[in-house]
Amino acid sequence: MLVSLGVTRGAVEVTNGVSAFQLGVVLLGQSVTNTFTITNRGTADLTLLGAVQLSGDTNDFAVVLDAPLTVPSFASAEFKIRFTPVSV
């Protein structure tokens, strides 16, 4: 059994620790929500060991839709992250 994980934002593959995304212009007090997709490309269920975790300066970010704990083989699941800047 093989588990192979892929994460995308739209058609763009997310590379752990490398990928960065432009959010466009977001004014103070406004927000933008981005949807990411986890794809299990393997033949075994993918078990996630906890909620989506944000790193870096995370005060302006929130997970608004967490992924399920198990993604079956050849299936996908979404999670959403909201960016709401509180300072410049």
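I looked up V71 to begin with and found that, once its neighbours within four places in sequence are set aside, V71 is in contact with N40, D45, L46, S76 and A77, where contact means heavy atoms within 4.5 Å. I note that this is a predicted model, in which local features need pLDDT of at least 70 and side-chain atom pairs count only at pLDDT 80 or more, while totals for chains, interfaces and linings use all residues. Residues are numbered from 1 along each chain as its sequence is written, and side-chain values use heavy atoms, with hydrogens and water left out.

I then asked which residues make up the largest nonpolar core. V71 belongs to this core of 10 residues, together with V7, F36, I38, L46, L48, A67, A77, F79 and I81. A nonpolar core is taken as a set of buried Ala, Val, Leu, Ile, Met, Phe, Trp, Tyr and Cys residues joined through side-chain atoms within 4.5 Å; buried means under 20% relative accessible area, exposed over 50%, and partly exposed in between (1.4 Å probe, protein chains only). The elements giving two or more residues to this core are β3 (32-40) and β7 (76-83), and β7 gives the most, with 3 residues. Over the whole protein, buried residues make up 24% of the 88 residues.

Next I traced the strands, which, like helices, are DSSP runs numbered from the N terminus (strands: E, at least two residues; helices: H or I, at least four). I counted 7 strands and 0 helices in the protein. An open sheet is formed by 5 strands in the order β2-β1-β3-β7-β5, with antiparallel pairing; two strands pair if DSSP finds at least two bridges between them. The edge strands, each pairing on one side only, are β2 (12-13) and β5. Between β3 and β7, which run antiparallel, I found 8 bridges, and T39 stands opposite S76 in β7.

Last, I looked at F61, which lies in strand β5 (residues 61-65) and is partly exposed, with a relative accessible area of 33%.
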